[in-house]
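Please read them with the structure open.

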Amino acid sequence: MVFEDGLAVRTTSWELGDLGFDALLPLLRARSVDDVDRALDLWVEPVNNAVIADRAGTVRYRIAGRVPVRSATGAWTGWLDDPRRADAGPDGQVVTANEWRGPESDAVGTVFAAPYRADRLHALLDGRTGLTGADFRAMHDDAWLATVPVVAALVPGAFDDFDGVMDAGSPQAARYAAFRTALVARIAGEPVFAPLHDPPERHRHEAVFAPWLDATYRIGIALPRLANEALAGGKPFGIDVVAHAEAALAEVDDRPVHATWGETHVLDPVHGLGLLTGYDGDDLPRVGLSGDSDCVRCCASYPAITDECSRGSVARYVWDLADRTAGGWVVPTGASGLPDDPHHHDQLPLWAAAELVAIVTDWDLLVRSSG
C-alpha cells in the first residue's frame, strides 16, 4: 500500500497471504525443542527471537518468521532460508535482549538494542548453577544501568555516591537522571543539530512514533558514545561535551531535584489507538518504576523529553519446566482490555514491583471469572 505522502508499506503476510497460523496447532502439540523448532518454521510474522527449552535439557535460540532478503537498493529479492539456529554452549546459557548478534542480526535488520542488557544478563548468570524461579525473577528486577560510569566520568567525583542502580526510591538516581537530561538538552541545542529539529526534516508520522524519530531522543541514545569520544579527548560534531557536562551539573545542583527517580519515572503506557490520556487517577495509577532503557529492568525514559515510561516489557515470565506451578508471569496492566473490567489493571502493582502472578493449571483450582 502507498500513502499520499509517498510512504510505501510492504508486509510479509500481505505478500505471502499467510499469517503463520499453521504453526499454532503444532506448537500446542509440541513436546520437545525439536517439535517447537519445526513448528516455528511455519511462522510468518512478527519476526522475533525465540529461546526454546525442554525437560531433556536442550536449550536453543533461533529466529522465527519469514524475512525478506533485500538488495542494496532495498528491493525484495527473495526470502531468508536459514532460520539462524544455535544450541546453548557448554554453560547451558542462551541470552537474547534484542541486541546486535553479528551476521545473524545483519541478515534480518538494521536497528538493534545496545549490548548493555545482554551483557548484564550474561554477568548475572556467569558461574551460577541451581538457579530458582526467584533468582530469575530477581534478574527481571535488575536496574543497574551500565552507561552510568562512562557518562558520570564527564564530571569526575560528582556521582561517587551513586551505585548506578536506577531504583524508583533512589535520590541518587533522580539526580543523575536530571543531570543526564540537562546534558542531552544542551547537546541537542547545539547549532549543528538545528536542521534536525525543524520542518520539513522532522518526521511526518503519528505521534506514537515520535520517541524513535525525534532528534533529541536519538542524541540521548548516543550519549554514552559521545561521552566516550569526549573522554578520549575528542569533540564529536565539534561539540565540547565535557564543558556541557560541567554546565549541566551546575544547572542541576543550582535548583531543586525530585526526591526520587520514581517521582518522575512513572508509567505512561501506549494504547493501540494512541496514548492513554483517559486512564489516570484511580483507573490507571501513574506508579513509579525502577529501571531505564538499557537496564535489564527495561522501562524506557527519554532524556530531555520526559522521564515518563511509555515503553517496557509487555510481559515477564519464568517457566519451570519440571514444575509449571513454580513459575509465574505478569503483564503490565491486566488480562482484560476493557476499562471497567476488574482485570483491566489488577496486575499493575505486581508488574511495577517486578513480581509475578502464580501459574494455575489445575482445573479443580480454576474458577470462572465473574467479570
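1. A term first: helices (H or I, at least four residues) and strands (E, at least two) are DSSP runs, numbered from the N terminus. In those terms, alanine 304 sits in the loop between β7 (274-275) and β8 (316-318). Keep in mind that this is a predicted model.

2. Alanine 304 deserves a look for its backbone. Its phi is positive, about 70 degrees, although the residue is not a glycine. Is alanine 304 buried or partly exposed? It counts as partly exposed, at 30% relative accessibility.

3. Asparagine 98 is another non-glycine residue with a positive phi, here about 60 degrees. Its place is the loop between β5 (86-87) and α4 (103-106). Its relative accessible area is 45%, so asparagine 98 is partly exposed.

4. Check the peptide bond between glutamate 45 and proline 46. It is cis, with omega about 5 degrees. Proline 46 belongs to the loop between α3 (33-40) and β1 (48-53).

5. Next, the β1-β2 pair. The two strands run antiparallel and are joined by six bridges. Isoleucine 52 has arginine 60 in β2 as its bridge partner. Five residues separate the strands of this hairpin. Glycine 57, in the turn, has a positive phi of about 95 degrees.

6. β2 also pairs with β5, again in the antiparallel sense. This pairing has two bridges. Tyrosine 61 stands opposite alanine 86 in β5.

7. How many of the six residues of β2 (residues 59-64) are buried? Six of the six are. In a regular strand, side chains alternate between the two faces of the sheet. Here Val59, Tyr61 and Ile63 point one way, while Arg60, Arg62 and Ala64 point the other way.

8. Now the whole chain. The secondary structure comprises 15 helices and ten strands. The radius of gyration is 23 Å; this agrees with a compact globule of 371 residues, because such a globule would have a value near 21 Å. Along the principal axes, the C-alpha atoms fill a box of roughly 60 × 50 × 50 Å.

9. Of the 371 residues, 36% are buried. Among contacts between residues at least 6 apart in sequence, 55% join residues at least 24 apart.

10. Last, the surface and the charges. The protein exposes about 21100 Å², and carbon and sulfur atoms supply 55% of that area. There are 31 positive and 55 negative charges. Their mean positions lie 5 Å apart.

Technical notes:
Residues are numbered from 1 along each chain as its sequence is written. This is a predicted model: local features need pLDDT of at least 70, side-chain atom pairs count only at pLDDT 80 or more; totals for chains, interfaces and linings use all residues. Side-chain values use heavy atoms; hydrogens and water are left out. The radius of gyration is taken over C-alpha atoms; the globule rule is 2.2 Å times the number of residues to the power 0.38. Buried means under 20% relative accessible area, exposed over 50%, partly exposed in between (1.4 Å probe, protein chains only). Contact means heavy atoms within 4.5 Å. Accessible areas come from the Shrake-Rupley method with a 1.4 Å probe; for residues, only the protein chains shown count as cover. Lys and Arg count as positive and Asp and Glu as negative; His and the chain ends are not counted. The place of a charge is taken as NZ of Lys, CZ of Arg, CG of Asp or CD of Glu. Two strands pair if DSSP finds at least two bridges between them.
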